Amino acid sequence: MDNSVVDEAISYDVNDYKERLRTDRISVQDYGSQYSEDVSTVANMDYKQLHFDDVEFSDFPETNCLVLAASGQEEISVEDILEKTESWLRKIGKEDEVDLETELGFNYLNHPYLEISEDDLVLGDDPDFMWPLFYDHISELKYGSGAFIERNDCYMQSGAEGIYAMSDGAVSAFLKSKGIESSAHDIVAPGEFGTKVASGKIEELAEDSYTLLDGEMSIGEGSDAVEEYFLEDDARIRRDGVSLKAENIAVYEMHELEDYYYYEYSMRRFYYGIPLATSEDGTYSFYGTYHIAGEGGRAYVANHDGVTAYAGISDGKEMIPLLSEDSLISVAEAAEILSESLASQINVSVDLIELVYLDLRFEGSEDPTETIYFPCWCFSGKNRVKDEKIALYVDALTGDVYYYTWTSGEEYNVESTEENS
């Protein structure tokens, strides 16, 4: 990968970043053999404010370089969202049942330049709120994000990159056959659509089986179905260097329906073999000059037909490489950097350490949607002082430190030890 690749549309100061590159780095190619030794060193070291009593280390990824990358907000066009919506309806067998001209709504709050009168609004799922129809304003729309379909037998929401949430209605149809009222969107709506009975890594639970809507299926079989589903819809993985994989599983028993289950798979994007940072659902509060917007997605399997619903998964933005380096700061050195930089009000029990790409957006950027992806060592766990979860990041090329915390109330607090990134 070319070290000098810089897109003129990117406002982030790559030269300033280059000046902060550490010189005490280790070859990425050679570090794999040293990683286990560093894992042992970190796990047994006393860093005062960092505690590794029950820490888990992710495997060192198979990669030859670390990349500083960027992406802008590629707003989907009106034509593309209509094409994707029609394709999705064909895929779930409802192209003849849904009339887009009278049922495709859109969130006009995403289009503040439009003047919408009360006569143009249609009743949505919430009886206290009204939404306009997409086709009534199609000539005025500059882009296609915000389009949605909300019916009892199918559900779809789109964003700037395409469809990011959908349900084919199979679960709601099954529940209706059992006399239980349900809408298609319920399975992907915030909150548990059932009672969690098991969770963990897919590789550890792959052989476990539960009864889904149409019979028994193992967790491993469901994972294979998820991978196949997104491989077929290759728009989500055809970006250079990007892949999408299922990592963890949660098993739910459906409300009001004993002995029937569904699987919720946590999805993650990878960039040249390294995972992107993830975040939990919640309401975020940010402080400082940047925002952390970690990714996260969920795919649902409820029968042998494959993915019946997903949320938080879209086509993804193209990641533009700005800088490629073949060496990195070791995880032991990253722990030392954290130990020296943490404020007194932070005392962390670390439960997971992994190498990730952390996506940041900076205030004052010429393009407020511009996202920069930094290769970082992530130390996540719990801040003992305030009894809150915390994720700390050390840039594996520069040593810059970022961190954020969040509480059980899902109020997030973001800070950086770097004054000017």
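Predicted model: local features only at pLDDT ≥ 70, side-chain atom pairs only at ≥ 80, totals over all residues.
Reader: Which residues line the largest cavity?
Author: Among them are Ser167, Gly169, Ser182, Asp186, Ile187 and Phe193. Helix α5 (residues 170-177) gives the most, with three residues.

Reader: How many residues of each class are in the lining of the largest cavity?
Author: Five are nonpolar, five polar and one charged. Gly counts as polar and Asp as charged. Both Gly169 and Asp186 are in the lining.

Reader: Why is the aromatic pair of Phe193 and Tyr262 called tilted?
Author: The angle between the planes is 40 degrees. Stacked needs under 30 degrees and edge-to-face over 60, so this pair is tilted. The centres are 6.1 Å apart, and the limit for a pair is 6.5 Å.

Reader: What makes Phe193 and Tyr262 a link between distant parts of the chain?
Author: They are 69 residues apart. Phe193 is in the loop between α5 and β11 (195-201), and Tyr262 is in strand β15 (residues 261-271). Both Phe193 and Tyr262 are buried.

Reader: How many aromatic pairs does the whole structure have?
Author: The search finds 29. Ring pairs also link Tyr12, Tyr17, Phe362, Phe374 and Tyr402 into a cluster.

Reader: How do you know that Lys91 lies over the face of Tyr229?
Author: Lys91 is 3.9 Å from the ring centre. The limit is 6 Å, with a further condition of 35 degrees from the ring normal. Lys245 lies over the face of Phe270 in turn, at 4.8 Å.

Reader: Why are the buried residues of α5 placed on the same side?
Author: The buried residues are Val171, Ser172, Phe174 and Leu175. They cover an arc of only 160 degrees around the axis, so they share one side of α5. Lys176 and Ser177 are exposed on the other side.

Reader: Why does Lys48 count as exposed?
Author: Its relative accessibility is 68%. Exposed means over 50%, so Lys48 qualifies. Lys48 is in the loop between α2 (28-43) and β2 (50-51).

Note on methods: Residues numbered from 1 in each chain as written. Heavy atoms only, no water. 1 Å grid on protein atoms, 1.4 Å probe; cavity = no way out; pocket = protein on both sides within 12 Å on 5 of 7 lines; lining within 4 Å. Helix = DSSP H or I, 4+ residues; strand = E, 2+ residues; numbered from the N terminus. Phe/Tyr/Trp six-rings, centres within 6.5 Å; stacked < 30°, edge-to-face > 60°. Buried < 20%, exposed > 50% of the residue type's maximum accessible area, 1.4 Å probe, protein only. Arc of directions from axis to C-beta.
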